[in-house]
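Dear colleague,

Please find below the structure that I am handing over to you. My notes on it follow directly after.

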Amino acid sequence: MENQNYRDELEQFLHDEVKQHRIYPSDHVWKNIRTELHGNHSWPALSFFALFIITALTLSTLLINHPARFAAHTLLVNGQMKNNLAASADHTTRSVQENYFTQMASGHVTAATLEELASRQTATLPQPETVPTVGYDAVATAATEKTMATITAKTTNLKPAASLITSAQSNKTRSLSTSSFTAPTDNRQDVDTANSLAASEKAAPATTTETTTPPVTENTHKASAYAYNPPVVINQKRNSRVGIQFYLTPSTSYRKLTDEKLKEIIQPASNAVNTPLSQNNSSDVNQVVRHKPAIGLEFGFAVLYNMSNRLKFKTGVQMNIRQYYIETFQSPTSDVATISLINYRGIENINLYSPYHNNSGLSATQLDNKLYQVSIPLGIQWEIFNGNHWGVNTEASVQPTFTLNKKVYLLSTDLKHYADGGSFLRKWNVNTGVGINLTYKTRGATIQLGPQIRYQHLPTYSNLYPIKEYLLDYGLRLGITKQLSK
Amino acid sequence: MTEQAIIAGCLHNDSAAQRELYNRFSPKMLSVCYRFAQSREDAEDMLQEGFIKVFTQIHTFQNKGAFEGWIRRIVVHTCINFLKKNKKFNERVDLDYATMVEVREETIPSIMQARQIIECIRLLPIGYRTVLNLYAMEGYSHKEIGMMLDIEESTSRSQYTRAKSMLETILVKKKIIEMPKEDFHWLAAFKK
């Protein structure tokens, strides 16, 4: 460059005055540079909030509003099924059938009819499974009460006797011996059966002379269907082992700072080289800074699995908003805030610029350090006392946590300034929550209320930063749990 | 953090080292950009592009010469490219218009004069201003300026002369400098 050796007065004047001039850029410049170099890894908090709410609502809608499925206990009956319909302990098949069919279609059903039905049932119908005793009781209960159970009958290829009775009913003038089992005029498969029954009826002496046709009700059809080994479906509502819970916990966040590494490593090193950090600060960092707790919020939904009557496994998704206030002073200009980091190369000082002073300044101001976190709690819930309505339970969980923040205020290692410490924020952390709840069971759900403590195990900032911050939340949890039904 | 540690960290794409480099040199570089730009926003855009190039091309730094000088050259070339891309070289401003513009007051007394001088430089037409910055402030030759701005070397010389005269007039009118005495002025010496 040819003019390096010669400058006139004006050029020299300009060079001297302007060359060392500085203008401090806006924050967004560095953010854009960082995003260009490293990408945007942070999760937009608003998008995640929306996704969380949509997921929670969708999941709860699917699980809670899904049509209740009733457990079906299919009871297949062979000749033993008839025993269940008897009120007495006598399980003889013929007596049960006789009692029942006589009741349903008295005058039409004879002993010969029953014998024929039983013989055909054995010969042509598949052998059903044996039904456990409880099912028989349920069937008996259902048949008599007609409230808890609905009975559906499957008919086989053979037309049940009830239909024959129905056919007979259409002709009121027919006598039992000759017309009770008049074959239907259509070409159904049961024509042969009806004819054969009629033939057998003719052969046997008529035991009844009634010609009136008993009223054929719906039960008649169903009852006669039992003779042909229909499966009986018992509908019974049962609770599943899984429950879903929504909870909300207003809480207060406290922070604790430790400066052991600052006193052991940073301060001795700075004293040795007489850097700006050189100061003998023997007081505890918690006494130097001024901060006060603020109200935060925790909310989420969880799925509980009953491992036993008292013990439940619990997991879900949870959002935490933790905050505390820092009392500082603000100056009109920005000063250098030095952050000393400890790494494998030793101590490295990073200079940031901040108008916030810890001890003095033009005007007092309050900074709000707010953390947005999402976590997946994994824990257990133990029922200490479980009454009809009231109960007490306790719960504990470990919560892997991800911090969504981009910006937090960080104390400089000389304890004099607060600067933007977003670059040093630890994204992944681990929290532990414990609590005890008073529960109240209503018809559909369980409401619980109780205190809770949540403690952050790892420091808020990177291990490189010598001042460690730990957060502790005290809150009151309000939750509602609904047990799902199968 | 030493300069070598910063360079080593940036070579490894260490964000802390990059932040330290940015904090250390961005104020000076923004001042450079501000002299070339039409506005503060343009200056920050130039600075942003310049530092991205610094971080992506840091592996080309060969430890010959000062690191700051290397960064400054990248930033200056970024400013020129920005102005070319935004077609900022076609403006014409006469001297009278330049002298009518008020220079903003500086709040910090210690740098008031420097800031005022910069504002006076920014009053010049963009072509004059660019040549003045490159020649007087950054030390480029007219030949190099011609290659950078795609103009003739003679054009660069004439524009620089006009820029210097214009700036001198502005500085005198703003009472930042006194009218140079004729016997020390190179034109006066020539006339004599």
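How many helices and strands are there in chain A? Chain A has 13 helices and 14 strands; helices (H or I, at least four residues) and strands (E, at least two) are DSSP runs, numbered from the N terminus. Please note that this is a predicted model, in which local features need pLDDT of at least 70, side-chain atom pairs count only at pLDDT 80 or more, and totals for chains, interfaces and linings use all residues. Residues are numbered from 1 along each chain as its sequence is written, while chains are lettered from A and ligands numbered from 1 in the order in which they are written.

Of the 486 residues in chain A, 29% are buried (20 or more other C-beta atoms within 10 Å of a residue's own, with C-beta atoms placed from the backbone).

Between the chains, 35 residues of chain A are in contact with 38 residues of chain B (C-beta atoms, placed from the backbone, within 7 Å). On the side of chain A that touches chain B, the elements giving two or more residues are helix 1 (9-18), helix 2 (27-38) and strand 6 (346-357).

In chain B, the axes of helix 8 (residues 142-149) and helix 9 (residues 153-173) come within 8 Å and cross at roughly 105°; axes are lines fitted to C-alpha atoms, for helices over the stretch in contact, and angles run from 0 to 180 degrees between N-to-C directions. Helix 8 of chain B is therefore roughly perpendicular to helix 9 of chain B (65 to 115 degrees). Here His142(B), Lys143(B), Ile145(B) and Gly146(B) of helix 8 meet Glu153(B), Ser156(B) and Arg157(B) of helix 9.

Yours sincerely

How values were computed. Parallel < 35°, antiparallel > 145°, perpendicular 65-115°, else oblique. Contact = placed C-beta atoms within 7 Å. Buried ≥ 20, exposed ≤ 12 C-beta atoms within 10 Å, placed from the backbone.
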